[in-house]
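Try each task before you read its solution.

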Amino acid sequence: MSSRPASLNRRQLIVGSTALSMMGNSSTAVAGPVPATVTRKDLTKADIDSWMKDLSNWGRWGKDDQAGTVNLITPAKRRQAASLVKDGVSVSLSLDADIPLEGAADAVTEPGRRPHYTWKHVMMRDGQNMKTPSGYAVDSYEVTFHGNNTTHLDALSHFIFEGHIYNGFPAESITKWGATKNDVMPFKDGFLTRGVLVDIPLLKGYSYMGDDEAVFPEDLEAWEKKAGIKIGSGDAVFLRTGRWLRVKEKGDLDLNVKAPGLYASCGKWLKDRDIAILGSDVVQDVRPSRVEGVNQPIHQMFLVAVGTPLFDNCTLEKVSQEASVRKRWEFMLSAASLRVPGGTGSPLNPIATF
């Protein structure tokens with residue numbers, strides 16, 4: 001499989017519906033072929049604002065609900081997920097903690113400055129300075145997990161839109177103490193559901209997507225056809241862009257500037273499928289978003305309106321390999337966040353089991 005070519009031949013924009021030609025009193029219609037999906041690629045802020053209302057799950061599970069679409073992971077859904085385990089092979093979807101390697105000197109990026117790591121690991125007691133032959137090794141962790149370099153969960157309090165978070169709770173419910181509504185605690189018993197890998201590089205025939213390449217609903221439908229799978233209610237969907245192969249080959253990618261990912265119309269498509277969780281090896285949204293005035297429409301719609309937790313910065317290379325060997329892109333997905341009352345998210349180690 002080759003790396004992504006310099007330019008791609010993308011489908012032309014499909015606009016409008018099937019034309020009808022009526023002759024006199026005749027009811028005969030002349031129609032051309034109808035595509036499976038009619039996709040707009042010129043969405044505006046007004047469209048997204050409208051979808052914030054039209055796609056909203058506010059009140060669907062009651063006015064006090066704070067779990068959102070995780071409510072779709074029912075006991076029956078968990079049993080279905082468990083039935084997918086055939087080989088007993090598990091694969092982590094999490095990056096290693098972002099810390100300096102053992103023995104590595106901290107690289108200086110600017111004179112007088114040290115690099116920033118999202119994790120800090122401090123040994124408080126080690127085995128080289130012991131006063132007695134027996135004792136304990138003790139260490140501590142500190143992490144700033146929101147961002148682009150740590151695999152983590154975005155809880156439903158992570159995004160504020162027009163003064164509110166999911167289910168209409170006011171922004172003021174997030175205080176200096178933490179999120180008093182929509183924190184990580186509704187997920188304290190963990191996640192177990194069917195995971196579905198959407199492997200866009202495999203679909204398109206290259207190793208990784210372009211730095212700002214967008215995925216559209218017709219790509220999701222093409223993947224379903226290729227993989228012989230249909231995304232459905234309660235699923236955890238993971239989008240692979242090949243980010244980490246791209247980083248290995250070309251160096252780091254600043255996701256705040258450019259990132260491959262989902263165009264906003266995929267938000268409606270996935271909402272219509274009633275998924276429970278959305279994850280990726282990036283931050284879900286294509287960046288720039290191609291929607292003027294809306295920075296991350298997927299984050300905005302799913303966290304606030306739809307009520308879907310997000311798994312950011314997963315590593316999906318190994319699960320892609322295991323799925324390809326089996327020609328089976330569904331698996332049992334299990335994960336658990338840290339139980340931190342008030343937390344707007346959590347570091348995460350999702351596991352795919354085939």
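**Exercise 1. Locate Asn182 and decide whether Asn182 is buried or exposed.**

Step 1. Asn182 sits in the loop between β4 (152-154) and β5 (191-199); helices (H or I, at least four residues) and strands (E, at least two) are DSSP runs, numbered from the N terminus.

Step 2. The relative accessible area of Asn182 is 0%, so Asn182 is buried. The classes are buried (under 20% relative accessible area), exposed (over 50%) and partly exposed in between, with a 1.4 Å probe and protein chains only.

Step 3. Contact means heavy atoms within 4.5 Å. Not counting residues up to four places away in sequence, Asn182 touches Asp65, Gln66, Ala155, Leu156, Ser157, Ile165, Tyr166 and Phe169.

A note on the source: this is a predicted model, where local features need pLDDT of at least 70 and side-chain atom pairs count only at pLDDT 80 or more, while totals for chains, interfaces and linings use all residues. Residues are numbered from 1 along each chain as its sequence is written, and side-chain values use heavy atoms, with hydrogens and water left out.

**Exercise 2. Describe the protein chain as a whole.**

Step 1. The protein chain has eight helices and 13 strands.

Step 2. Of its 354 residues, 47% are buried.

Step 3. Among contacts with a separation of 6 or more, 77% are between residues 24 or more positions apart.

**Exercise 3. Which residues of helix α1 are buried, and why do they fall on the same side?**

Step 1. Helix α1 covers residues 45-54, and Asp47, Ile48, Trp51 and Met52 are buried there.

Step 2. These residues are on the same side of α1 because they cover an arc of only 145° around the axis; the arc is that of the directions from the helix axis to the C-beta atoms.

Step 3. On the other side of α1 you will find Ala46, Lys53 and Asp54, which are exposed.

Step 4. The partners of the buried residues of α1 are α6 (265-273) and α7 (297-306).

**Exercise 4. How many residues of α6 are buried, and what do they pack against?**

Step 1. Seven of the nine residues of α6 are buried, so this helix is mostly covered.

Step 2. The buried residues are Ser265, Cys266, Gly267, Trp269, Leu270, Lys271 and Arg273.

Step 3. They pack against α1, β6 (214-215), α4 (217-227), β8 (261-262), β9 (277-280) and α7.

**Exercise 5. Which members of the largest nonpolar core touch the most other members?**

Step 1. A nonpolar core is a set of buried Ala, Val, Leu, Ile, Met, Phe, Trp, Tyr and Cys residues joined through side-chain atoms within 4.5 Å.

Step 2. The largest core has 69 residues, and Phe238, Leu278, Phe311 and Val319 touch the most other members.

Step 3. α7 gives the largest share of this core, seven residues.

Step 4. A second, separate core has five residues, among them Leu253, Ala259, Val282 and Val283.

**Exercise 6. Check the backbone at Pro288, Arg290 and Asn313.**

Step 1. Arg287 and Pro288 are joined by a cis peptide bond, with omega about -5°. Pro288 is in the loop between β9 and α7.

Step 2. Arg290 is found in the loop between β9 and α7. Although Arg290 is not a glycine, it has a positive phi of about 70°. Its relative accessible area is 35%, so Arg290 is partly exposed.

Step 3. Asn313, in the loop between β10 (310-312) and α8 (317-326), is a residue other than glycine with a positive phi near 60°. At 0% relative accessibility, Asn313 counts as buried.
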